[in-house]
Amino acid sequence: VQLQASGGGLVQAGGSLRLSCAASGRIASINYMAWYRQAPGKQRELVAKINDRITNYADSVKGRFTISRDNAKNTMYLQMSSLKLDDTAVYYCNAYVPPDNYWGQGTLVTVST
């Protein structure tokens, strides 16, 4: 499975941004997909996960971020709203194909005042 993330950039606090993750390869074998992020000096953390229509979110993003998946386009999205300074991080898309995890290259999101 190959993953290509895009959509990162610089945004003011309170603004919105949408990340995309295009998947190719053994897509039919994907169990679930997810977004992770890693801020400077911190460990990578799970932001949101989607399996079919079941979604899970980190407490820190609930109500502000929405994960979705367009199977026709083989693309996963992360709509981010009400962005905060603490959301600044490199965002990675992830696909779990048992027993392996696959990662995209990461896209940088910078939230400024």
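**Close-up 1. Strand β8 pairs with β7 through facing residues.** Met80 in β8 is the bridge partner of Phe65. Further along, Ser68 stands opposite Tyr77 of β8. In total, six bridges join β7 to β8 (residues 75-80), and the two strands run antiparallel. Strands, like helices, are DSSP runs numbered from the N terminus (E, at least two residues, for strands; H or I, at least four, for helices). Two strands count as paired if DSSP finds at least two bridges between them. The β7-β8 hairpin has four residues between its strands, and Asn74 takes a positive phi near 55° there. The model is predicted: local features need pLDDT of at least 70, side-chain atom pairs count only at pLDDT 80 or more, and totals for chains, interfaces and linings use all residues. Residues are numbered from 1 along each chain as its sequence is written, and side-chain values use heavy atoms, with hydrogens and water left out.

**Close-up 2. Four strands make an open sheet.** The strand order is β1-β3-β8-β7, with antiparallel pairing. β1 (2-6) and β7 (65-70) stand at the edges with a single partner strand each, so one side of each has no neighbour in the sheet. From one strand to the next, the twist averages 15°. Axes here are lines fitted to C-alpha atoms (for helices, over the stretch in contact), and angles run from 0 to 180 degrees between N-to-C directions. Inside the sheet, β3 and β8 run antiparallel and are joined by six bridges. Leu19 has Leu78 of β8 as its bridge partner.

**Close-up 3. Thr75 sits in strand β8**. Its relative accessible area is 11%, so Thr75 is buried (buried is under 20% relative accessible area, exposed over 50%, partly exposed in between; 1.4 Å probe, protein chains only). The Thr75 side chain reaches the backbone oxygen of Lys73 at 2.8 Å. Residues up to four places away in sequence aside, Thr75 touches Ser20, Cys21, Ala22, Ser68, Arg69 and Asp70. Contact means heavy atoms within 4.5 Å. β8 as a whole is mostly covered, with five of its six residues buried.

Close-up 4. Beyond its neighbours within four places in sequence, Met80 is in contact with Gly15, Ser16, Leu17, Leu19, Arg64, Phe65, Tyr91 and Val109.

**Close-up 5. One disulfide is present in the structure**. Cys21 is joined to Cys93, S to S 2.3 Å (a disulfide is a pair of cysteine sulfur atoms within 2.5 Å). The link is right-handed, with 70° about the S-S bond. Cys21 lies in β3 and Cys93 in β9, so the pair links distant parts of the chain, 72 residues apart. Both Cys21 and Cys93 are buried.

How values were computed
A polar contact is a pair of N or O atoms within 3.5 Å; within protein, one must be able to donate a hydrogen and the other to accept it, and residues adjacent in sequence count only if both atoms are side-chain atoms.
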